[in-house]
Amino acid sequence: MKNSLLIKNISYLVTCDEQDRVFENVNLYIEDGAIKYIGNDAYNADEVIDGKDMIVYPGLINTHHHLYQTFTRNLPQVQNMELFDWLTTLYEIWKGLNSDIIRYSTYVGVGELMKNGCTTCFDHHYVFPQEESDEFIDIQFRTAEELGVRFHASRGSMSLSKKDGGLPPDSVVQTIDKILYDSERLIKTYHDGSQFSTRQVVLAPCSPFSVTGELMKESAILARKYGVRLHTHLAETIDEEKFTTEKFGMRPLEYMESLGWVGEDVWYAHGIHFNDEELKVLAKTKTGVAHCPVSNMKLSSGVARIPEMLEMDIPVGLAVDGSASNDGSNLLEEMRIGYLLHRLHSSRKAPTGYDMLKLATKGGAKLLGRNDIGELSIGKAGDLFMINKNRIEFVGTQYDPKSLLGTVGFKGKVDYTIVGGKIVVKDGKLINVDEEKVIYEGNKLVEKLISNN
Ligand SMILES: [Zn+2]
């Protein structure tokens, strides 16, 4: 028996396809997770949703997060700090992470993303306290599956502690052997590179100032052996630039290039402080950038050169970054704030509202190495979200549904989020987990984590 879903009489279907098509008053039919039909014919389906007054968009794709940080949000002691001080203060709390915190922060962070239209999430987990961390990524995969999202987990890592000239404390760094062993185990256990995959593994040493060059190099070799992707933080701050220049005699990108870290299978978080020559290297090698406007503003890190990157065809996706520098998990907000930030900074050269939507969909798919998600067309995954346009805040905005989310923005919870033809959010509520329980247990765990410090 095939699983099927028909969404009928959709007011606007924004496809983000090659022709940038928007259909009006159409039906969308999904069978066994894939889009089979868009048009006016009726199909019998197991489940039917009335799309009257609905705008349907491709599911959003988050390309950088640290889900555990949802439990260290809005902490007064770090609100005025920039990255390096912010990190060294927070490491002292993060070294208390345990399995329950990983499970519940994944519910919370991914849950909030899904309630705001996200259907695929990449998480960059890199804090593995020595006492209890062997199953963190396994737990994340199980929790994400329960929620019903497509999940790209990373085996992040830190190997350069304070005593060796790095930033993190000893208790959260691991040996290179342990990191590589666990990376290979996770790839073999979970990575599925096939079409419509729901589980993928990425190797993601944390940053040039918390990882040795040897680990960066070995991680790239291991990733390429198995055909998985590579990710790290880069060019986020001037402090980082000073660190690599003083320690290695190279600017951050030059340093990463020397370790084998450019290419179509690599994307960096932030990418703010690239100079003209470095942008050319990214364009030539097709190395990507996860743009995190809210985090970059919150930590006063700077403004990424997104208009130029798009002009040069550098792959760019959108991301919320960890919740300690955001302090939320909402790509809809990221789209609007990114749009406004670049309008302020670049005027006519800024991405349009629709460009922001494409960064959050097709752009993200490209960074994650996927051509089966990020747009709504025949043969692609049935990943989408729906917003009822009949609301006060949308009156007068409906002539351009493509740009709506960037220019006007949407601040409620979406009506539906659907992953592979399965409803995972309905009327703004998560379908597969008990939200009340997550809120209760989550708050209890946060209290314990924070009061230990
Ligand atoms: Zn980050």
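This is a predicted model: local features need pLDDT of at least 70, side-chain atom pairs count only at pLDDT 80 or more; totals for chains, interfaces and linings use all residues.
Two strands are said to pair if DSSP finds at least two bridges between them. β10 and strand β11 (residues 266-270) pair in the parallel sense, and five bridges link them. L230 has V266 as its bridge partner in β11. Strand β9 (residues 199-205) also runs parallel to β10, and two bridges join this pair. Here the bridge partner of L203 is again L230 of β10. The path from β9 to β10 passes through helix α5 (residues 213-226), and together these three elements make a right-handed β-α-β unit.

Stepping back to the whole chain, the assignment divides it into domain 1 (4-59 + 380-430) and domain 2 (60-367). The centres of the two domains, taken over C-alpha atoms, are separated by 29 Å. Their contact takes 27 residues from domain 1 and 26 residues from domain 2. On the side of domain 1 that touches domain 2, β5 (54-58), α13 (404-407), β15 (416-419) and β16 (422-426) each supply at least two residues. The largest share of that side comes from α13, with four residues.

One of these elements, β5, deserves a visit of its own. Five of the five residues of β5 are buried, so this strand, too, is largely enclosed by the rest of the structure. M54, V56 and P58 point one way from β5, and I55 and Y57 point the other way. Strand β1 (residues 4-14) pairs with β5 in the parallel sense over two bridges, and the bridge partner of L13 in β5 is V56. With strand β14 (residues 384-388), β5 pairs in the antiparallel sense over five bridges. In that pairing, I55 stands opposite I387 of β14.

The core draws at least three residues from each of domain 1 and domain 2. Leaving aside neighbours within four places in sequence, L28 is in contact with I7, I10, L13, I35, I38 and V56.

Next comes helix α11, residues 331-346. At 1.5 Å a residue, the 16 residues of α11 should span 22 Å; the end C-alpha atoms are 21 Å apart, which agrees. The buried residues of α11 are L331, L332, E334, M335, R336, G338, Y339 and H342. An α-helix has 3.6 residues a turn, so residues three or four places apart point the same way. E333 also belongs to α11. E333 has 19 other C-beta atoms within 10 Å, and is therefore partly exposed, as a residue counts as buried at 20 or more. Apart from neighbours within four places in sequence, E333 is in contact with V294 and G328. Between the C-alpha atoms of E333 and H124, which lie 209 residues apart along the chain, the separation is 20 Å.

A few backbone details complete the picture. Most residues other than glycine have a negative phi, and most peptide bonds are trans. The peptide bond from N326 to D327, however, is cis, with omega near 0 degrees. D327 lies in the loop between β13 (316-318) and α11. Just after α11, S347 takes a positive phi of about 50 degrees. S347 is placed in the loop between α11 and α12 (353-367) and is exposed, with 9 other C-beta atoms within 10 Å. N74 likewise has a positive phi, near 55 degrees. N74 sits in the loop between β6 (60-62) and α1 (83-94) and is exposed, with 10 other C-beta atoms within 10 Å.

Key: Residues are numbered from 1 along each chain as its sequence is written. The expected span of a helix is 1.5 Å times one less than its number of residues. A residue is buried if 20 or more other C-beta atoms lie within 10 Å of its own, exposed if 12 or fewer, and partly exposed in between; C-beta atoms are placed from the backbone. A crossover is right-handed if, with the strands pointing away from the viewer, the path from the first strand over the helix to the second runs clockwise. Domain bounds come from an automatic or database domain assignment. Two residues are in contact if their C-beta atoms, placed from the backbone, lie within 7 Å.
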